[in-house]
Amino acid sequence: MALINFDGVTFQYGDSTTPVINNFSASIGMGQKVAIKADSGTGKTTLLRLLLGFEELKSGDIRYQGTSIASDNFATIRKATAWLPQDLNIGDGTVGEVIDRIFEFQYNRSKKPGGDQIKSKLSLLGLSSSLLPKPFRELSTGQRQRVGLVLCHLLDRPLMLLDEPTSALDEDSKQKAIDLLFSDNGQTIISTTHDPFWLERCDKIIELK
């Protein structure tokens, strides 16, 4: 059984009669590293937001572990997911405070990492622990993106959704991210991207047209 199924998914914004996603179907297996490839504005991010219930499905069906995703069970998939939007905005405070804040939520408390673990993961993505006392908003786009990837890894969820995860990374940082994130064969990763470097290293590429 597939972990996630999209069956005839169609979505348009507001009163628009032109769908950004039209009759899209695909299946994703447990442990697969999947890239969703499409031109800008063709619904890649929307597809991930539909999966998490942040947008309302107009027609079709999305199933997680065989169960259709609906308003009464969005919590199930959200608790199983680490979500990294392209523009990471997780509030004010230092890098260390922002990381700690994520693990203050009740469902995340059991995964709260120690200081040495945080520093080790940051190092694996080429980030110095000297960033921890710096304001998160003052980091470069690439640094914020890498901190977000570290957070997703520390959350240790069975499903990871990454929206353009390498858009601000150089090739060395991309390889470090792949080494860190793709090492868990049991974790499913769905990413939106048009980055050839990332695409070549995924198990499966789904083209959204």
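N108 is a buried residue, its relative accessible area being 7%, in what is a predicted model. This residue sits in the loop that runs between α3 (95-102) and α4 (115-124).

**Surroundings of N108**
- When neighbours within four places in sequence are set aside, N108 makes contact with I102, F103, L155 and R157.

**The D7 and R63 salt bridge**
- One of the salt bridges joins the side chains of D7 and R63, with an N to O distance of 2.3 Å; this pair connects distant parts of the chain, since D7 belongs to strand β1 (residues 4-11) and R63 to strand β4 (residues 59-64), 56 residues apart.
- D7 is partly exposed at 29% relative accessibility, and R63 is partly exposed as well, with a relative accessible area of 22%.

**The D195 and K174 salt bridge**
- The side chains of D195 and K174 also meet in a salt bridge, at 2.9 Å from N to O, and here too distant parts of the chain are linked, with D195 in the loop between β8 (188-192) and α7 (196-199) and K174 in helix α6 (residues 171-181), 21 residues apart.
- D195 counts as buried at 11% relative accessibility, and K174 is buried with a relative accessible area of 14%.

- E200 and R201 form a salt bridge through their side chains at 3.5 Å, N to O; E200 is exposed, with a relative accessible area of 63%, whereas R201 is partly exposed at 31%.
- Salt bridges with shared partners bring D7, D61 and R63 together into one network.

Conventions. Residues are numbered from 1 along each chain as its sequence is written. This is a predicted model: local features need pLDDT of at least 70, side-chain atom pairs count only at pLDDT 80 or more; totals for chains, interfaces and linings use all residues. Side-chain values use heavy atoms; hydrogens and water are left out. Helices (H or I, at least four residues) and strands (E, at least two) are DSSP runs, numbered from the N terminus. Buried means under 20% relative accessible area, exposed over 50%, partly exposed in between (1.4 Å probe, protein chains only). Contact means heavy atoms within 4.5 Å. A salt bridge is a side-chain nitrogen of Lys or Arg within 4 Å of a carboxyl oxygen of Asp or Glu.
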